[in-house]
Amino acid sequence: MPIESLTDDVQSVFRHVFADDQIEICEATTAADIDGWDSLAHLNLIIALEKRFGVKFATAEISRLKADGSNVGSLLEMLRRKLA
Amino acid sequence: MSIYNVYFLAGLLVASAVYFWLPGVRLRQLCLALGNAAFVFAFAPDAQSLVAMVLWLASGYVVARVLMARPDSRLLAIYVAGMVAAFVILKRYEFLELFLPRSILDHSLSIVGLSYMLFRQIHVVVDARQGQIESLPFWTYLNYQTNLFGLLAGPIQRYQDFADDWNRLEPLSTDAAEILKTYRRIFIGVLKVVALSEACLAGYNWAAASLLSGGQALSGPFVRWRALGTFLAFFYLYPAYIYFNFSGYCDLVIGAARLFGIRMPENFEWPFFGRNMIDYWTRWHKTLGLWIRDYVFTPMYMAIAGRWSNRAASLAFVCYFFAFFLTGVWHGSTWNFLIFGILNGIGVAAAKLWENHLLKRRGRLWYKQYLQSKLIRAASIFVTFHFVCITILFFPADMHKTLTVLRSFAMKLF
């Protein structure tokens, strides 16, 4: 899947989960940039991504994506590897 | 044996000074492995307990290897359930007396560091099942589980992080100022445990005795004010005792591990400045809070939300309560920890309920401003701290004494 298309698809999942049509994501976007991206919203996001892309995230991966230093770029990279 | 024993500490410092003279990672691993073995033998009460420990560790290793070769969720579920059942029996949880014959609990087995081994073992088998562990040599696994820097009371390290350091065992810093900082941390840790925590415990015991006595200590004028002051000492000094004791222990083991090339995770981050109970558990015993989040809350919530997505928001509170109820109950086998667990579960679930209530009534923009208000922050910290102190009232195993002190204080006051 081309990177732009994946980013667009992930962005639409973000907009749906956070109920905000104004959300614009890029690789540098972090949890601090999106209102309401707490631990519970993070799980809702993962569930929605699993459904949208038909992939599974491991417990350790979910935790890593929420850790300091992670951003949307880490999420896209992980998704790309799962979809490859 | 105590790790605050002067001979143990001196031995640790001498060993750390010569350790990196050993050539190559194998010799260093051997040195640490001997330390781990000596530690296990020093704390193991008898041969039967050592055999039980070997069986416990071997079962985890075999199951993890099987799951790496053939990921099977049913095997994982059966093994984890079996491990938890074995854990509560080995720890002789008092509530089991309601369901099981006393003879089953009447054993003398005591596996050193079992509570923390349980967490590490669940993490290893779950990660093995989910393809998150690339290689699992028995030598690395054994030393991960018996690592003397986390054996007795954590911090709970992840296998992957341990293996990274274990396969290198190089000095973590060659900067003299950094190394000095590590030694200073060890010294401060020992000071916290042997001086500050002991002083707080002595004060707590004095306050409890004074409130119980009803005699000279609290007689004369202003008796109510004196009773109130003594109660406040009783109320605040036990949390202070636990904090200095546990954070001091963590300073010691995290610092000591660094001297041997192992980075243990941090366990404390200004815990009494948490703005709610969820925040508190990411600051106090952080590695436990994060473990519970990853291996209890996350799978439970995802299973529920995946099946009943329209009810996920309300069922999240049940998950919060259950996860942190378990956190509390895990701390000990006596009845008081059941109350400790219930209070923690209520505190965490209430924090989430309150957040949702504010979001629903006032909206996200208002909530953002609410979080930024210094006054609200100070009030939240104050309320959370006092709620934590209330939960810790039920931390000492002698609940009868705690309740008698509370009753005695109420009688003096009213």
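**Before starting**

The model is predicted, so local features need pLDDT of at least 70 and side-chain atom pairs count only at pLDDT 80 or more, while totals for chains, interfaces and linings use all residues. Residues are numbered from 1 along each chain as its sequence is written, chains are lettered from A and ligands numbered from 1 in the order in which they are written, and side-chain values use heavy atoms, with hydrogens and water left out.

**Stop 1: a contact between chains**

Select B:K368 and A:D35. These two residues form a salt bridge, with the closest N and O atoms 3.3 Å apart; the term denotes a side-chain nitrogen of Lys or Arg within 4 Å of a carboxyl oxygen of Asp or Glu. The pair joins two chains, because B:K368 lies in helix 14 (residues 336-372) of chain B and A:D35 lies in the loop between helix 1 (3-17) and helix 2 (39-53) of chain A. Helices (H or I, at least four residues) are DSSP runs, numbered from the N terminus. B:K368 is partly exposed at a relative accessible area of 38%, and A:D35 is partly exposed at 33%. Here buried means under 20% relative accessible area, exposed over 50%, and partly exposed in between (1.4 Å probe, protein chains only). Over all chains, the whole structure contains 21 salt bridges.

**Stop 2**

Select B:R185 and B:D251 next. Their closest N and O atoms are 3.0 Å apart, and the two form a salt bridge. B:R185 lies in helix 9 (residues 176-213) and B:D251 in helix 10 (residues 223-259) of chain B, so the pair ties together parts that are 66 residues apart in sequence. B:R185 is partly exposed, with a relative accessible area of 23%, whereas B:D251 is buried, at 10%.

To see the whole network, include B:E266: salt bridges that share partners join B:R185, B:K192, B:D251 and B:E266.

**Stop 3: the second largest pocket**

Select B:Y116, B:L152, B:A153, B:H331 and B:F395, which lie nearest the centre of the second largest pocket among its 38 lining residues. On a 1 Å grid over the protein atoms alone, a pocket is an open set of points with protein on both sides within 12 Å along at least five of seven lines, a cavity is a set of points where a 1.4 Å probe fits but cannot get out, and lining residues have an atom within 4 Å of a point. The second largest pocket holds about 990 Å³ of space. Volumes are the space filled by probe spheres set on the points, which are joined across faces, edges and corners. Helix 10 of chain B gives the most to this lining, with 6 residues. By class, the lining has 25 nonpolar, 11 polar and 2 charged residues. Ala, Val, Leu, Ile, Met, Phe, Trp, Tyr, Cys and Pro count as nonpolar, Asp, Glu, Lys and Arg as charged, and the others, Gly among them, as polar.

**Stop 4: the largest cavity**

The structure has 4 cavities of 30 Å³ or more. For the largest cavity, with about 70 Å³ of space, select its lining residues, including B:F8, B:F39, B:F149, B:L152 and B:Y249. Helix 10 of chain B supplies the largest share of the lining, 4 residues. The lining comprises 11 nonpolar, no polar and no charged residues.

**Stop 5: backbone details**

Select B:G154 and B:P155, which are joined by a cis peptide bond with omega about 0 degrees. B:P155 is in the loop between helix 7 (138-146) and helix 8 (159-166) of chain B.

Then move to A:A19, where phi is near 50 degrees, a positive value in a residue other than glycine. A:A19 sits in the loop between helix 1 and helix 2 of chain A and is exposed, with a relative accessible area of 70%.

Finish at B:R92, a residue other than glycine whose phi is positive, near 55 degrees. B:R92 lies in the loop between helix 4 (73-90) and helix 5 (102-105) of chain B and counts as partly exposed at 33% relative accessibility.
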